[in-house]
Amino acid sequence: MWKYQALIVSLASTAALAAVDISKFPSKTDPTHFTIPSIPQTTSHDVATECQYYQSNFTVDKTQWPTVWDIATSNNMNTSAEFMSVYNAIDWTKAPTAPVRKLTAAGGLNLTGYDTVNDPDCWWSASQCVKPKASGVNPDIYACPEPETWGLTFDDGPNCSHNAFYDYLETNKQRASMFYIGSNVLNWPYGALRGLKDGHHLCGHTWSHRMMTTLSNQEVLAELYYTAKAIKYVTGVTPLHWRPALGDLDDRVRWIASQLNMTAILWNLDTDDWAAGSTPGITADTVNQRYKDFIQMGSNGTYKDSGNIVLSHEINNMTMDFFVNHYPDIKKNYKHVTDVATCMNIAHPYLEKVITFPSFDASVNSNAGTATGSGVIPGASSAPSSGNSVTPYTNFYNGPLFIAALFGLLLVAV
Ligand SMILES: [Zn+2]
């Protein structure tokens, strides 16, 4: 186990170098004792009706936050005293000089002119590089080191009322790493609380889900900062891990995240579950086949020496059902299915040390034969609604209708 212990030391020493102390975020949640009010559930798969709005107990002072789903410097956050103190605490002369990337007319990343062979900026979108070349940068996590282990991750939550999905995970004593979008956390705070209550590994997933390398230094910092603040405000814990939308990061973005103590978690297997039916060439059959291929890799020797991290999504019933339908076979073909903090032996994935994750060995030994162990339970109580999961939106990538619907809800919410 030496290599894992060494990794923990390495992460701890890197974290100590962070420029910004974000532990002072306000929160009214004690992460070890809280309750979650009951929220409505529906069984609909119809995008127009499956999301049920609920009024939460969390009040949001709009002057303290970016506009939801807009770049996190919006609503004058970039000139606020709070944000400027964070920005000015960073020695920007040390930042890597990678340029701000451009988008193509079609909305993709413009790689024109980038040296993809030498990949000077370790730009994942260009080369899938995960080993930074700049100094002072936390290295990415992209695969569980433990053999025959499926690293379980879900992006883009929390959402309206996904209690049925969380119930399913809880029933199976299954923990995952949950990558929450800051705007979603403010909109659907009880979903984030449910994730905390069940001992999932909560991580940031930016404020507005933009391509991070296309944002300025200030915008990147704001996307990370306000997402961490939202998670802390709602759950009482500050995440130390994050994932860039579509994996788009380079050493400039990594360096800025490192100033906030944050380490990126990527993946090495992608289900493309979100794209089924909405992206040419990707159908439900495509995604099911991906799952089957990945499942087979658990028993054909592919992961005899180390494990994976699989990208999947919480977005809606479609994406959640893909996982639920394949989960029994995942467990049959892999020795372990675990969140990333556990497989990486990260005992404290939050700035606050009030919650301790078990080591991988303790997790496995405390619950032999099942996916994950115990040891994380934050001691919370809750009263989640029963019923089936609901899907608020068709997916994140369907553009204006989705955004318009969201803002419609927000006018009521905040
Ligand atoms: Zn995402």
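User: Which residues in H9 meet which residues in H10?

Analyst: In this predicted model, Val 287, Tyr 291, Ile 295 and Gln 296 of H9 meet Phe 322, His 326, Asp 329, Ile 330 and Asn 333 of H10. Two residues are in contact if their C-beta atoms, placed from the backbone, lie within 7 Å. The residues of this contact divide into five nonpolar, three polar and one charged.

User: How do the axes of H9 and H10 lie to each other?

Analyst: Helix H9 covers residues 284-296 and helix H10 covers residues 317-333; they pack at an angle of about 15°, with their axes 9 Å apart. Angles under 35 degrees count as roughly parallel, and that makes H9 roughly parallel to H10. H9 passes H10 in a right-handed crossing.

User: Thanks! What makes a residue of H4 buried, and which ones are?

Analyst: A residue is buried if 20 or more other C-beta atoms lie within 10 Å of its own. In helix H4 (residues 163-171), the buried residues are Asn 163, Ala 164, Phe 165, Tyr 166 and Leu 169. They pack against helix H6 (189-197) and H10. After H4 comes Lys 173, with a positive phi near 50°.

Notes: Residues numbered from 1 in each chain as written. Predicted model: local features only at pLDDT ≥ 70, side-chain atom pairs only at ≥ 80, totals over all residues. Axes fitted to C-alpha atoms, helices over the stretch in contact; angles between N-to-C directions. Helix = DSSP H or I, 4+ residues; strand = E, 2+ residues; numbered from the N terminus. Parallel < 35°, antiparallel > 145°, perpendicular 65-115°, else oblique. Left-handed = near helix turned anticlockwise from the far one by under 90°. Nonpolar A, V, L, I, M, F, W, Y, C, P; charged D, E, K, R; others polar. Buried ≥ 20, exposed ≤ 12 C-beta atoms within 10 Å, placed from the backbone.
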